[in-house]
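User: Hi, I have a protein to look at for class. Can you walk me through its pockets and its sheet?

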Amino acid sequence: MKKYAVIGNPIEHSLSPILHNYWIDKNKIEASYEKKLISKDDLVKVINDVKEEKINGLNVTVPFKKDVIPFLDELSLEATKTQSVNTIYSKNNKIIGHNTDIKGFELNIKQIKFDVDGKNIFILGAGGVVPSIIFALNKMGASSIIVSNRTKNKAENLKNLFNNITVVNWGEVPNFDMVINATSLGLKTDDKIGIDFSNIEKNKLFYDVIYNPKNTNFLKIGKKLGHNTENGKLMFVYQALEAFEIWHNIKPQVNNEVLEFLDK
Ligand code: ATR
């Protein structure tokens, strides 16, 4: 029986075990997937468990996506460029770190048929997931990427990873075709982002990385102002899909049954 897990802190709210175990059952794989609440000091031991094949694969979530890097033997190009690892596996006796958040975001955007090529993208936030989103946007041919974060120097620091981004002050709203909420504002239903989008022409795309709650105030405002909206649920599903493919060499199905199952 192969063993998989997601590590993080906090971890209680992770839906990864539900999704992976659903696909494991559907594909009749002899495996289990659990969540592990760990502290930074536990990283050495957990990675060692992968080396010793006590664990066959890991997902990594907040706040360890960068912290885990020194313990790995190799990083994929995507993990190197974003300094962010969310999927770990062993290949030829080496422990490899990869980033499937990029593909998760990319597949979600393609699925809703938004064409990023030549578009201006505005990102709110500069936390853990933002490098993955910028990497994906560059890959899809965005013409400009503007980042705004409450703590401005965290946005400025992203220029060390991506030299093509522009940073504006928190509260400033440049013209955009797509705006992405990558802050944690919205996790609580009464959270308000407090940014005025009323000067933006209709029919842009408001994307929220948050998917629980489904409809954040940010998305509600977007809808009210006449924009299209999308939450991060499919990004979550597709990042899991790429990890599943890497570990089991099987492409699992994304259909209404899976999506509804996650809502339970
Ligand atoms: P981390 O920053 O540790 O990677 P995260 O959850 O990935 O954590 O990121 C949280 C993001 O939400 C950050 O961009 C944060 O802004 P700061 O860098 O200024 O902290 C943003 N955020 C959280 N609370 C916020 C608030 N009340 N107003 C504006 N931005 C907020």
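This is a predicted model: local features need pLDDT of at least 70, side-chain atom pairs count only at pLDDT 80 or more; totals for chains, interfaces and linings use all residues.

User: Okay, which residues line the second largest pocket?

Analyst: The lining is made of K2, Y4, V50, E53, I55, N56, Y89, S90, I246 and W247.

User: Now the largest pocket. How much space lies in it?

Analyst: About 1900 Å³. It is lined by 49 residues, and the closest to its centre are T61, V62, K65, G128 and V129.

User: Which elements give two or more residues to its lining?

Analyst: Those are β3 (57-60), α6 (152-157) and α8 (233-248). The most comes from α8, which gives 3 residues.

User: Where does the largest pocket lie relative to the domains?

Analyst: It lies between domain 1 (2-99 + 235-262) and domain 2 (102-231), because both give residues to its lining.

User: Switching topic. What is the strand order in the open sheet of 6 strands?

Analyst: The order is β9-β8-β7-β10-β11-β12, and the pairing is parallel.

User: Which strands stand at the edges?

Analyst: β9 (165-168) and β12 (228-231) do. Each has a single partner strand, so one side of each has no neighbour in the sheet.

User: What does the twist average from one strand to the next?

Analyst: 20 degrees.

User: Back to β9. How many bridges join it to β8?

Analyst: 4 bridges join β9 to β8 (residues 144-148), and the two strands run parallel. As an example to find on screen, I145 has I165 in β9 as its bridge partner.

User: What about helices? Which strands does α5 touch?

Analyst: Helix α5 (residues 130-139) packs on the sheet and touches β7 (120-124), β8, β9 and β10 (178-181). Its direction makes about 175 degrees with that of β7.

User: And which strands does α7 touch?

Analyst: Helix α7 (residues 217-224) also packs on the sheet. It touches β7, β10, β11 (205-208) and β12. The direction of α7 makes about 170 degrees with that of β11.

User: Great, thanks!

Notes
Residues are numbered from 1 along each chain as its sequence is written. Side-chain values use heavy atoms; hydrogens and water are left out. On a 1 Å grid over the protein atoms alone, a cavity is a set of points where a 1.4 Å probe fits but cannot get out, and a pocket is an open set with protein on both sides within 12 Å along at least five of seven lines; lining residues have an atom within 4 Å of a point. Grid points are joined across faces, edges and corners, and a volume is the space filled by probe spheres set on the points. Domain bounds come from an automatic or database domain assignment. Two strands pair if DSSP finds at least two bridges between them. Axes are lines fitted to C-alpha atoms, for helices over the stretch in contact, and angles run from 0 to 180 degrees between N-to-C directions. Contact means heavy atoms within 4.5 Å.
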